[in-house]
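Please find below a colleague's note for use alongside the coordinates.

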Amino acid sequence: MLVFCSKNKELRNKPKLYKMAFKPANNIQDLQYFGEFGGVNPSISDSSTYTFLSAKTMFDTFEGNADGCYLYSRHSSPSNLYLGEALAAMEGTETANVSASGMGAITSTLLQLCGAGDHIISSRTIYGGTYAFLKNFTPRFNISTSFVNITNIEEVEACITKNTKVIFCESVSNPLLEVADLPGLSKLAKAHNLKLVVDNTFSPLSISPAVLGADVVLHSLTKFINGSSDTVGGVVCGTQEFINELRNVNDGASMLLGSTMDSLRAASILKNLRTLHIRIQQHSKNALYLAKKFEADGLKTVYPGLKSHPSHDLFKRMMNPIYGFGGMLTIDVGSSEKANELMELMQNRNLGYLAVSLGFYKTLFSAPGSSTSSEIPEDEQKAMGLSNGLIRFSIGLDADIERTYDMMYDSMKILNILNPKNSYASHL
C-alpha cells in the first residue's frame with residue numbers, strides 16, 4: 001500500500017509536556033516510532049525529493065498549507081522530523097528543526113531573528129565559532145553585537161537599545177563554565193520584548209532552558225547528544241511558528257541557507273539519543289569526582305558542582321538533579337607549556353585524546369585559548385579570565401574513575417605541576 005503526505009500520526013505517541021517536575025528523559029522514552037514494516041526503529045527516508053498524487057497538493061505544500069506532506073529534503077524529511085520531535089520533547093518545546101551542524105542551527109536562528117540595523121546582546125564567553133560569527137560576519141549585514149558578562153543581569157540590561165532583538169548565551173559557557181541565570185534573563189527579555197536564545201550544548205538534560213523561560217534552545221548534536229564523535233549536527237528547538245518561519249521556502253533561513261542534515265545521520269543520532277540519560281549521569285558523576293580531587297590537590301579547578309563555583313547555587317536551582325552538573329571541567333596549570341606537556345602525557349598514557357569537541361565516551365582535553373576559543377583576540381581572552389594554562393576537559397564514561405584520577409595525578413607529579421615549589425597551585 002502506498003501512503004503519501006502522511007506522518008503516520010496513528011503510529012506516533014507524542015508525550016505530554018509538563019512545566020512542573022519536568023523530566024526530559026521520560027519525554028524521550030514515551031516517544032515510539034514504528035518503522036514502515038513494524039520495525040522498532042523508524043524507517044530511514046533515503047530520498048531527496050517526494051512525490052505527490054495531485055498537482056494541487058504540491059502547490060499547497062509550497063504554500064505551507066499541506067500538513068504532513070514532504071516536499072524536498074532540504075525543507076524537511078521524515079527522518080529529520082522524527083529526530084526533531086524527539087529533541088523538542090527533550091527540551092519541552094513545541095517542535096524543532098535539525099541542521100547539518102551546530103553552527104548551522106546558530107547562524108540560521110540569529111539571521112532569522114535579526115536584520116539590517118538590529119542589535120544582539122551576547123555572552124562574552126561563548127564558543128569561538130559563535131563569537132567569530134557575531135564579531136566578524138554579521139557586521140556585513142549591519143547587525144551589531146555587544147559582548148557582556150552574562151552573569152551580571154544589570155550589565156545585560158544596560159546594553160539594551162531600541163534596536164536590540166536578541167539576548168544570546170550558553171547555559172554553561174564555553175570554555176569558562178560561567179552559568180547563565182536563565183530565569184532572570186528570561187524575565188528581562190520579556191520585559192523588553194526580546195528573544196532569549198540559549199545554546200544548551202554543554203548541559204543537555206541537566207538544564208532545560210525552555211522550561212526556565214528561553215524562547216529558542218540550540219544544541220550542537222555533535223557533542224553529548226550524539227556521544228560518539230562520528231557525526232556533526234545541530235538543532236533549533238522552539239515554537240511551531242518560529243520553526244515554520246525557519247523552514248519557509250520564501251524567506252526561511254534554514255531553508256535558504258541550506259544547512260540540511262542527512263537522513264542517515266538523523267537516524268543514527270536518534271538511536272544514540274535513547275541512551276543520553278545514562279551517559280549524562282556517568283559523565284557528571286565522573287566529572288564531579290575529578291573536580292573535587294583536583295581542587296583538593298590545590299589546582300585551580302572550575303566546575304559548577306563545586307561549592308567554590310560562583311554560580312553553584314544558581315545551577316542547583318535550575319538543574320534537573322538526577323543528571324548532575326555536567327561533564328565539563330577546567331583546570332589551570334599556569335602556562336601553555338605545562339598544559340601542552342600534561343595533555344600529551346595523558347594521551348600517551350591512554351587517559352584520553354588531545355582533541356577539540358566534547359561528549360565522547362573517552363575523555364577529551366584541549367587548551368581553549370589556542371584552539372576552540374582562538375577566534376577571540378588575546379586581549380579579550382585575558383579580560384574574561386581565559387589564561388594560557390587553562391585546560392578544558394570533557395570527562396568520559398570511565399568505569400573506574402578512581403584509577404583515572406590516580407593516573408592523572410601521577411602525570412601531574414611527573415611534570416612538577418603539583419610540586420609545592422614549582423606548581424601554579426602553590427600560588428593560589
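The points below concern a predicted model and take up its cores, sheets, helices and salt bridges in turn.

1. Nonpolar cores. The largest nonpolar core has 87 residues, and Leu87, Leu329 and Ile331 touch the most other members. Helix α3, residues 78-91, gives the most to this core, contributing seven residues. There is also a second, separate core of 21 residues, which includes Ala105, Leu113, Phe168 and Leu246.

2. Surroundings of Ile331. Apart from neighbours within four places in sequence, Ile331 is in contact with Phe294, Leu299, Lys300, Thr301, Leu342, Gly389, Leu390, Ile391, Phe393 and Met412.

3. The five-stranded sheet. The strand order of this open sheet is β8-β9-β12-β11-β10, with mixed pairing. Which strands stand at the edges? They are β8 (300-302) and β10 (353-354); each has a single partner strand, so one side of each lacks a neighbour in the sheet. Three bridges link β8 to strand β9 (residues 328-332), and this pairing is antiparallel.

4. Helix α11 and His283. Helix α11 packs on the sheet described in point 3 and touches β8 and β9, its direction making about 15 degrees with that of β9. His283 lies in this helix, which spans residues 276-296. Is His283 buried or exposed? Its relative accessibility is 1%, and the threshold for burial is under 20%, so His283 counts as buried. Not counting residues up to four places away in sequence, His283 touches Phe224, Gly326, Gly327, Gly359, Phe360, Ile395, Gly396 and Leu397.

5. Strand β7 and its partners. Strand β7 (residues 234-238) is mostly covered, since five of its five residues are buried. Burial applies to both faces: Gly234, Val236 and Gly238 lie on one side, and Val235 and Cys237 on the other. Strand β1 (residues 95-99) pairs with β7 in the antiparallel sense over five bridges, and Ser99 stands opposite Gly234 of β7. Strand β6 (residues 216-220) also runs antiparallel to β7, to which four bridges join it. The bridge partner of His219 in β7 is Val235.

6. Helix α5. How many of the 10 residues of α5 are buried? Seven are, so the helix is largely enclosed by the rest of the structure. The buried residues are Gly128, Gly129, Thr130, Tyr131, Ala132, Phe133 and Leu134.

7. Salt bridge of Lys165 and Asp118. The count of salt bridges comes to four; this point and the next two describe individual pairs. Lys165 forms a salt bridge with Asp118, and their closest N and O atoms are 3.1 Å apart. Lys165 lies in strand β4 (residues 164-170), while Asp118 lies in the loop between α4 (102-113) and β2 (119-123), so the pair ties together parts that are 47 residues apart in sequence. Lys165 counts as partly exposed, at 32% relative accessibility, whereas Asp118 counts as buried, at 13%.

8. Salt bridge of Glu178 and Arg124. The side chains of Glu178 and Arg124 meet in a salt bridge with an N to O distance of 3.1 Å. Why does this pair tie together parts that are 54 residues apart in sequence? Glu178 lies in the loop between β4 and α7 (182-191), and Arg124 lies in the loop between β2 and α5 (128-137), so the contact links those two parts. Glu178 counts as buried, at 14% relative accessibility, and Arg124 counts as partly exposed, at 23%.

9. Salt bridge of Lys338 and Glu341. The closest N and O atoms of the salt bridge between Lys338 and Glu341 are 4.0 Å apart. Lys338 counts as partly exposed, at 25% relative accessibility, and Glu341 is partly exposed, with a relative accessible area of 37%.

Terms used
Residues numbered from 1 in each chain as written. Predicted model: local features only at pLDDT ≥ 70, side-chain atom pairs only at ≥ 80, totals over all residues. Heavy atoms only, no water. Buried < 20%, exposed > 50% of the residue type's maximum accessible area, 1.4 Å probe, protein only. Contact = heavy atoms within 4.5 Å. Core = buried A, V, L, I, M, F, W, Y, C linked by side-chain atoms within 4.5 Å. Pairing = 2+ DSSP bridges. Axes fitted to C-alpha atoms, helices over the stretch in contact; angles between N-to-C directions.
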